[in-house]
Amino acid sequence: MTFTMDAGLADRGLDVGLRIGDGETVALMGANGAGKSSVLGLAAGLLRADRGEAVLQGRRLFGPGHWVPPHRRSVALLSQEALLFPQLTVLENVAFGPRSSGASRREARDHARRWLAEAEAAELAERRPSALSGGQAQRVAIARALAAEPSLLLLDEPLAALDVAVAPVIRRMLRRVLDGRRALIVTHDILDALHLADRIVVLEAGRVAEEGTPRQLLARPRSGFAAGLAGLNLISGRAAVGGLGAAAQQPPIPAGTTVFGNRAPELLDGEPAVAAFSPAAVSVFTERPHGSPRNVVAAVVDELEPAAGHLVVRAGRLAAEVTPAAAAELDLHPGRRVFFAVKASEVAVYPARSAA
Ligand SMILES: Nc1ncnc2c1ncn2[C@@H]1O[C@H](COP(=O)(O)OP(=O)(O)OP(=O)(O)O)[C@@H](O)[C@H]1O
């Protein structure tokens, strides 16, 4: 049994099809404003779609003429902030859900203790929320969400508000807790996706731009967002002899330029395709290079960013990596005219749509 949602919300520019299998954790990623929180809102019942339907384990959550209110959906939403009831103890907070769905006081408390232990927070049971650290409060919130035994668990950036020392510990606990559970987790952090998710869905401007396992997405990104996660340059266009004919509006690459590279064997001429290559494969010159590199483009440096052990030189949608010594030698600075070159053997050209 699965969760499926195919829904639109016109005033947020949202039109999304999503499927989460039994026991599957899906990471929902995308730039700010892409629609991630709105998708959670639709599934949780905090927002009403103006088109489409959602079905969870054979039960329709919403659809034409049909609406199940949030508390009857068997969907739990965990947000960035723990949002515990301040006047209740931790145990009472976690027991609240089971109690309101009809468990006796004692059953609800036993249940709460079990889920607190599962979230590695058993020792916090008698505390008030005001006496908890951010990480502790988030453990309790996770226990509370699990205690409702939801068929679908929604997590909205659950680690984002935690400090860097605590996040890895909670991430490890979440990995254990999410194993075998149907969950949708919104995150900006590739580490969350790698550690917690079976599959990543990338949203761009309210639509699913691509999806795949973390491995697939990082090895062969097809959206600008996933290329950013993978740390690769990505140029879109159509398959052409020897590589890719670049589409318009991808400065500094002139429209129609052939980007020479290794074409995936399944790619047909004229088919929508992308070319991907690492910034580390890009060489920077101040004069047009002659000889071996087949791909050379004139560019103007936008900015230089420090990265581990090197500098990233950005020009339009391209990035190159240089050593600090090379940057000094080439006198690189914003506004500097340069040439970026990359060997065809370093460029992978593959279909813009996944085979699935
Ligand atoms: N309360 C609201 N009322 C109307 N429009 C909204 C509201 N909240 C968000 N939007 C719009 O809906 C679109 C999707 O926003 P949403 O918050 O779902 O994106 P997001 O991917 O979660 O972004 P972020 O990463 O910044 O949280 C955006 O265009 C946004 O401006």
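## Around the ligand

Let's start with the ligand in this predicted model. Its shell is made up of R12, G13, G30, N32, G33, A34, G35, K36, S37 and S38, where a residue counts as near if its C-beta atom, placed from the backbone, lies within 6 Å. Helix α1, residues 36-44, gives the most to this shell, with three residues. (Helices here are DSSP runs of H or I with at least four residues, strands are E runs of at least two, and both are numbered from the N terminus.)

What classes of residue make up the shell around the ligand? There are seven polar, two charged and one nonpolar. In this scheme Ala, Val, Leu, Ile, Met, Phe, Trp, Tyr, Cys and Pro are nonpolar, Asp, Glu, Lys and Arg are charged, and the others, Gly among them, are polar.

Two notes on the model itself. Residues are numbered from 1 along each chain as its sequence is written. Since this is a prediction, local features need pLDDT of at least 70 and side-chain atom pairs count only at pLDDT 80 or more, while totals for chains, interfaces and linings use all residues.

## The nonpolar core

The largest nonpolar core has 110 residues, and L154 and F340 touch the most other members. Helix α4 (residues 134-147) gives the most to this core, with eight residues. Both domain 1 and domain 2 supply at least three residues each. A core like this is a set of buried Ala, Val, Leu, Ile, Met, Phe, Trp, Tyr and Cys residues joined through C-beta atoms within 7 Å.

Take F340: not counting residues up to four places away in sequence, F340 touches V282, V284, V297, A299, A315, L318 and A320. Contact means C-beta atoms, placed from the backbone, within 7 Å.

## Helix α2 and F96

F96 sits in helix α2, residues 90-100. Is F96 buried or partly exposed? F96 is partly exposed because 18 other C-beta atoms lie within 10 Å; buried takes 20 or more, exposed means 12 or fewer, and partly exposed is in between, with C-beta atoms placed from the backbone. Beyond its neighbours within four places in sequence, F96 contacts F85 and L88.

Elsewhere in α2, the buried residues include V90, L91 and N93. Among the elements covering the buried residues of α2 are α3 (105-118) and α4. Just after α2, G102 takes a positive phi of about 105°.

Definitions and conventions: Domains from an automatic or database assignment. Contact = placed C-beta atoms within 7 Å.
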